[in-house]
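This report goes through one protein chain, beginning with a single residue and ending with the whole fold. Please look at the sequence and the model first.

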Amino acid sequence: PVAALDGVEAHLRDASAWVQRGDDDGAFLAASRALALAPDQPGIVADVARLLARMGRWDDGRRLCRSFLLQRPDSDPVQRALVELGPG
């Protein structure tokens, strides 16, 4: 639904604003809300994984990427994020 997509965009804008303020926790919460509305979007998955890593939760970020890649192994954004997070 269009309303859900509007909500996703709003949460992503909020996440970006929190990152600019240096508040990773706020960014993670906003990005997680976007992910809940659009769990099939690889760019959002990759962003949430990177935020987890910034928060010191590297293993959680890698797990998120690997879980997504089980369903969509051809997802370049998530593959790149997993490479950035390194082996774990």
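## Asp24 and its partner

Asp24 counts as buried, with a relative accessibility of 17%. Here buried means under 20% relative accessible area, exposed means over 50%, and partly exposed is in between (1.4 Å probe, protein chains only). The side chain of Asp24 meets that of Arg54 in a salt bridge, with N to O at 2.7 Å. A salt bridge is a side-chain nitrogen of Lys or Arg within 4 Å of a carboxyl oxygen of Asp or Glu. Asp24 belongs to helix α2 (residues 24-37) and Arg54 to helix α3 (residues 42-54), so the pair ties together parts that are 30 residues apart in sequence.

The model is predicted: local features need pLDDT of at least 70, side-chain atom pairs count only at pLDDT 80 or more, and totals for chains, interfaces and linings use all residues. Residues are numbered from 1 along each chain as its sequence is written, and side-chain values use heavy atoms, with hydrogens and water left out.

## The surroundings of Arg54

Arg54 is partly exposed, at 48% relative accessibility. Which residues does Arg54 contact, leaving aside its neighbours within four places in sequence? They are Val19 and Asp24; contact means heavy atoms within 4.5 Å. The C-alpha atoms of Arg54 and Asp25 are separated by 9.6 Å, and these two residues are 29 residues apart along the chain.

## Other salt bridges

A search of the whole structure finds six salt bridges. One of them joins the side chains of Arg57 and Asp60, at 2.9 Å from N to O. Arg57 is partly exposed, with a relative accessible area of 35%, and Asp60 is also partly exposed, at 26%.

Another salt bridge links Asp59 and Arg62, whose closest N and O atoms are 2.7 Å apart. Both residues are in helix α4 (residues 58-71), and because they are three residues apart, about one helical turn separates them. Is each partner buried or exposed, or in between? Asp59 is partly exposed, with a relative accessible area of 44%, whereas Arg62 counts as buried at 8%. Elsewhere, salt bridges that share partners join Asp47, Arg50 and Glu84 into one network.

## The fold as a whole

The protein chain has five helices and zero strands. Read from the N terminus, its elements run α-α-α-α-α. Helices (H or I, at least four residues) and strands (E, at least two) are DSSP runs, numbered from the N terminus. The radius of gyration is 12 Å, close to the 12 Å that the globule rule gives for 88 residues, so the chain is as compact as a globular protein of that length. This radius is taken over C-alpha atoms, and the rule is 2.2 Å times the number of residues to the power 0.38.

Along the principal axes, the C-alpha atoms fill a box of roughly 35 × 30 × 15 Å. Of the contacts with a separation of 6 or more, 47% are between residues 24 or more positions apart.

## Surface and charge

Of the 88 residues, 36% are buried. The chain exposes about 5300 Å², and carbon and sulfur atoms supply 55% of that area. Accessible areas come from the Shrake-Rupley method with a 1.4 Å probe; for residues, only the protein chains shown count as cover.

The chain carries 11 positive and 13 negative side chains, and the centres of the two sets lie 3 Å apart. Lys and Arg count as positive and Asp and Glu as negative, while His and the chain ends are not counted. The place of a charge is taken as NZ of Lys, CZ of Arg, CG of Asp or CD of Glu.
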